[in-house]
Every structure is written in structure tokens, then in C-alpha cells.
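Hello,

Here is the structure I promised to pass on. Please have a look at it before reading my notes below.

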Amino acid sequence: MALVNGPIEMVRNICGVKDSWRLKVRVVRLWKSCSKNDPKNVFSLEMVLVDVEGARIQASICKLMIRKFANVIVEGEVYKMIYFAVVKNVGNFCATKHEFKLIFNSRTTVFRAESQLIPEFGLSLSSSEDIRNTKGEYEYLYDMMGLLTAVSAEINIVKDGKTTRLIVLELTDDKGKIRCTLFGDYVDKVNEFLSLSGTQLTVVVIQYARVNTYKGDVGLVNVFNTSRLLWNPQIVEAIEFRKSVAFHEVNSDICIGFLDYDIQSLSMKDEFLNPFPRKNLEELQTYEEVFNFSVNFF
């Protein structure tokens, strides 16, 4: 207990020189990393931790450790934590741009705490211009805030006898417009939001979305279990956004437009229908170095 109650260290300082990092953080996102073909087969619990400075770092709980921590850690709550394996943050779809990542192990200790100063959502916003300038890179997941200026009809794609539902949003900020494609349960969330807010222009935040390029058009696509949608959130960033040029350049009294979007390319279908974060051999080797557990290929 004395170790956890010692001086708190900042997320921005985390590196591989030690494992006894003492943190006070909010778990702003928590999700299951599971098999593409069997969602019940969970490989790990993944989370994003944010400290009082707003610095973010991803942390992982491998399959062998899930039982120890699954009922202890709750999304949105604040904790004091100590002792982790610290590894390089590598691979596709990294949830943060921190150089390192934390791996929970048998020595990791977690206690509930309180703080009104740690951000609730831990936003790390990119503009539409930032996203276009990624040129379709897959290394990181992105957060973006924009006005919902257009939405497509619901699109059904049939592949291997399975039907997947898609909907495409057009988000606008002061740097331009970006396509945001959502599928699966996220379609239901959009329909629910629209039924509550009607067709009036709305501030939308998408977090932890991956970049996708189709016919030279760079946009965002949700990631299974990981991405989050916020609809007209009552947070400082959204309030400031409403005061920005982006909001005043668009007549807020007009209705959300209709986006005529048709998916014909098989390669695009395949890309959209593979929303699972991919782990490369370097990532799997990192896990094996920290824990001795079997790797299932799928």
C-alpha cells in the first residue's frame, strides 16, 4: 500500500528504464481484443489510460491475467497503479502515440482513487487535414470532432453469406470534410442518435478510429469494440468547437444532407469487413517475452 501511496509519476515520462511506475490515471477506454472468427475468444483486455496532464498511454492485460483484473477495472474510473512491463508501442492501430505501452503482470497493483482533474474522455483530437495528411497510414487510431453535415442511407453488404450494415457520415471542421464509415452496432448508435436529435446539425466526436483510403479519398472507419461515438457531448472541447469558424461557416438551421455513397469495390468491402486490430509478429513476440502463453492464429 505504501508503494501505491508514494509520489505519482507522469505518463509522459514513462520509458523502459524501470517497471515500478506509480501512476494515477483514468481508464478512459476499455475493450476486448478477440478473435475475428470467434468474438468469445478473448486474447486480451486493452485500455487507454490518461493522467492529470491529459497524456495517454495504452495498457494491455493478457489472457492469463484477465481473471485477476477483469472485475477490478471499470471504464471511466480513476485508479492508482504500480508495476508494469514496459514495451515499445508498435504495430497496427495503436490507440495512442506514446512511444511505450504498459503490460499488466502478476506484480501489477491497482487501487481505486478519485480525481476531478483528470479528463473524462482523454481526447487527442486531429483535424480533417491531419487525417488526410496521414496518407492512409494504419499505425495509429485517431480522434476527430466535426459537424455532421451529411449522412448516407444504410448500406447492406453480403459476403460469405453474412450481411454487414454500413452507414457513411460526412464530418466537417474548419479544415474541410472527412468521410467516416461506421458498421455493425455503430449503425444502430447513429440511428438512435438521429432519432433523438432529428436532422439539425450536430457535433460528433469519434475516438479510436482507423484511417482508410478509397480511390484516393482518405477517411475514417470504426474499429470493432474499440471506437467510441460521442453525440453533442457537453465537454469543453465541443463547446469551443461550436464557437469556432467551422460552426459559423455552416448554417446551423439547415438539415443534415444526404450522402450518396455506393460501395462497389470488392477490395473496399474486404477492407471495411475486417475491422479487427491486427497484431504483427513483433507485437506477439513482445507478449511472449512478458508472459508465457500460447498464440492462436486466425
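A cut-off to begin with: a residue is partly exposed when its relative accessible area lies between the buried range, under 20%, and the exposed range, over 50%. Glu75 has a relative accessible area of 32%, so it counts as partly exposed. Keep in mind that this is a predicted model.

Glu75 has a salt-bridge partner in Arg228, with N and O 3.6 Å apart. The two sit in distant parts of the chain, 153 residues apart. Arg228 belongs to strand β14 (residues 228–231), while Glu75 lies in the loop between α1 (66–69) and β4 (78–82). Arg228 is buried, because its relative accessibility is 9%. Arg29 joins this pair in a network of salt bridges.

Now the overall picture. The protein has 298 residues, and 53% of them are buried. Its secondary structure comprises 7 helices and 15 strands. Among contacts with a separation of 6 or more, 69% are between residues 24 or more positions apart. The accessible surface is about 14500 Å², with 49% of it from carbon and sulfur atoms.

The whole structure holds 14 salt bridges. One of them pairs Arg107 with Asp19, the closest N and O atoms being 3.5 Å apart. This pair also links distant parts of the chain, 88 residues apart. Arg107 is in the loop between β6 (100–103) and β7 (109–113), and Asp19 is in the segment before β1 (22–34). Arg107 is partly exposed at 44%, and so is Asp19 at 32%.

Asp160 and Lys159 form another salt bridge, at 3.5 Å from N to O. Asp160 is exposed at 70% relative accessibility. Lys159 is partly exposed at 30%.

Best wishes

Notes. Residues are numbered from 1 along each chain as its sequence is written. This is a predicted model: local features need pLDDT of at least 70, side-chain atom pairs count only at pLDDT 80 or more; totals for chains, interfaces and linings use all residues. Side-chain values use heavy atoms; hydrogens and water are left out. Helices (H or I, at least four residues) and strands (E, at least two) are DSSP runs, numbered from the N terminus. Buried means under 20% relative accessible area, exposed over 50%, partly exposed in between (1.4 Å probe, protein chains only). Contact means heavy atoms within 4.5 Å. Accessible areas come from the Shrake-Rupley method with a 1.4 Å probe; for residues, only the protein chains shown count as cover. A salt bridge is a side-chain nitrogen of Lys or Arg within 4 Å of a carboxyl oxygen of Asp or Glu.
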